Amino acid sequence: MITVFGSINMDLIATTERLPRPGETVAGRSFSTAAGGKGANQALAATRAGARVRMAGAVGADNFADDALALMTEAGTDLSFVRTASEPTGTAHILVGDDGENVIVVVPGANGAIGDGEARAAIGAMNRGDLLMLQLEVPASAVETALNAARAAGIISLLNTAPLTPEAAELSRLADIVVANEHEFERLSGHDVLSPDERRDAMARLSAETGQTLVITLGAEGVIAIRDGQFHEAMGLTITPVDTVGAGDTFCGYLAAGLEAGLDFDRALRRAAIAGSLACLAPGAQPAIPLAVEVDAAEAENS
Ligand SMILES: Nc1ncnc2c1ncn2[C@@H]1O[C@H](COP(=O)(O)OP(=O)(O)OP(=O)(O)O)[C@@H](O)[C@H]1O
């Protein structure tokens, strides 16, 4: 079973002709809500990929909680380690202008109340050899506790270094597998802009030093990884993206599910990259996460 330790949010999205300036009020065009949070998105992606998944996190005792959990409930994700906190359910307040520009305020709420107790409880319920997946939308101290407890218990940890936080580089050292996008990897490696050759050198150096598996997603260019000193590359699909939101979370969920199922590393990367591409073909994060049968079909068509 995969355990995802991380954030659960409700996204509140308003579209408007143009974004307001400070102090200004503008009329909106439309409003929608969507379940989100990187933890929840990745848990749903791994569940849709066919894995047995437990989500560990927190929501508030409010009307947003059920909606934030709805798609995971429907998919069959185990929610027994989702606690109801006294803080409100985490919310992301997203304004999108007609030019595609956006401004976002994330209020962590219950996600910010996750601490060492939740981390220890989640790891305590896992078995040696299980996979733990984390991101950086819950307090860094809880992520650190979870990663250390996982290592002590022989649990394999996969950390997605999103969103990039000041503690990201330090925390990433504690994980067995690190998944970063190219911008995050530049920050982790301490270099501003990396050419493809410089990126490979930086990956080789870092993984030789730490022994970690490093996986760097490259948007339309697919993914490059290094594991046990060997480089691996995979491409997703050639597509015209509708909305790339959630591509990275879908990638992580499918990669975790592939590794947990014992797929060979190249195939797990390829399926994750294909799933990431498919997630770009529909708007929003969670609704756009493909089912395993859709990834099977795309994989067969493009083999
Ligand atoms: N434009 C695209 N065309 C094809 N596949 C894509 C595209 N964008 C993303 N993908 C697929 O999704 C995977 C993850 O995307 P990306 O590297 O953009 O991660 P990310 O920056 O974390 O994403 P996001 O923050 O948008 O969720 C890629 O490795 C690729 O397989």
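Reader: Is G284 buried, partly exposed or exposed?
Author: In this predicted model, G284 has 18 other C-beta atoms within 10 Å. A residue counts as buried at 20 or more such atoms and as exposed at 12 or fewer. The count for G284 lies in between, so G284 is partly exposed.

Reader: Where does G284 lie, and which residues is G284 in contact with, leaving aside neighbours within four places in sequence?
Author: G284 lies in the loop between α9 and α10 (292-301). Leaving aside neighbours within four places in sequence, G284 is in contact with A34, D243, V245 and G246.

Reader: Why can the residues UniProt lists for "binding site" be said to gather at one spot?
Author: The unreviewed UniProt entry lists D243, V245, A279, A282 and G284 under that name. These residues span 42 residues in sequence. They gather at one spot because no two of their C-alpha atoms are more than 9.2 Å apart.

Reader: Is A279 buried or exposed?
Author: A279 has its place in helix α9 (residues 265-279). Not counting residues up to four places away in sequence, A279 touches G246, A247, T250, A288, I289 and P290. Within 10 Å there are 31 other C-beta atoms, and the cut-off is 20 or more, so A279 is buried.

Key:
Residues are numbered from 1 along each chain as its sequence is written. This is a predicted model: local features need pLDDT of at least 70, side-chain atom pairs count only at pLDDT 80 or more; totals for chains, interfaces and linings use all residues. UniProt positions are given in the numbering used here, feature names are shortened, and annotations may be inferred rather than shown by experiment. Helices (H or I, at least four residues) and strands (E, at least two) are DSSP runs, numbered from the N terminus. Two residues are in contact if their C-beta atoms, placed from the backbone, lie within 7 Å.
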